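Here is a short report for a first look. It takes up a few local features in turn.

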Amino acid sequence: MTDILEKTERAYENGHDRPLGGYVGLLSAYGGTVGVAAAVAMLAGRKAPDHVGVMDLALMAACTHKVSRRLAKDPVTSPLRAPFTQYEGQGGPSEVQEKPRGALGELLACPFCLAQWVATAYAAGLVLAPRVTRLVGATMTAVAVSDWLQLAYAKLMKSAGE
């Protein structure tokens, strides 16, 4: 069986370094975490909501965006990524650019990849602790809106000086 998996990985990589085994581990961790959250909800007698309202969806979207970028790109969170990434330089405004090392590095340095995990955690929070989750969502949404306003302000100031 191991031989078949190794052949499959080599054939897939096509001469590139692709950590398929690490991806399997991440997929297993994600599935396991979702399973544990579902079991905890069941044991606590909590059920998923019948629907997600527009305000909850807006909070979830903005919070997911901000938390994903904060975890993947913020200089202050770089110590969390450092064992799995390599610093390459400045990225966008107040962000760093890092080269991933391995599957976990790819997850931690990619806000698009982290968004799935963050949104899932938010959804679990809505089931297990909705009031706290909405407060965290509102807080991170305010941070995201503030970031957008900072960028808009900087652009306006730059265009006023031209």
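## Basis

Helices (H or I, at least four residues) and strands (E, at least two) are DSSP runs, numbered from the N terminus. This is a predicted model: local features need pLDDT of at least 70, side-chain atom pairs count only at pLDDT 80 or more, and totals for chains, interfaces and linings use all residues. Residues are numbered from 1 along each chain as its sequence is written, and side-chain values use heavy atoms, with hydrogens and water left out.

## Helix α7

W148 sits in helix α7, residues 130-161. Its relative accessible area is 44%, so W148 is partly exposed. Here buried means under 20% relative accessible area, exposed over 50%, and partly exposed in between (1.4 Å probe, protein chains only).

T141 also belongs to helix α7. This residue is buried, at 16% relative accessibility. Beyond its neighbours within four places in sequence, T141 is in contact with L59, A62 and C63. Contact means heavy atoms within 4.5 Å.

## Helices α2 and α6

The axes of helix α2 (residues 20-43) and helix α6 (residues 111-128) come within 10 Å. They cross at roughly 5 degrees. Axes are lines fitted to C-alpha atoms, for helices over the stretch in contact, and angles run from 0 to 180 degrees between N-to-C directions. α2 and α6 are therefore roughly parallel to each other; that term covers angles under 35 degrees, with over 145 roughly antiparallel, 65 to 115 roughly perpendicular and the rest oblique.

## A loop residue

S94 lies in the loop between β1 (85-90) and β2 (96-100). Its phi is near 55 degrees, a positive value in a residue other than glycine. S94 counts as exposed, at 58% relative accessibility.
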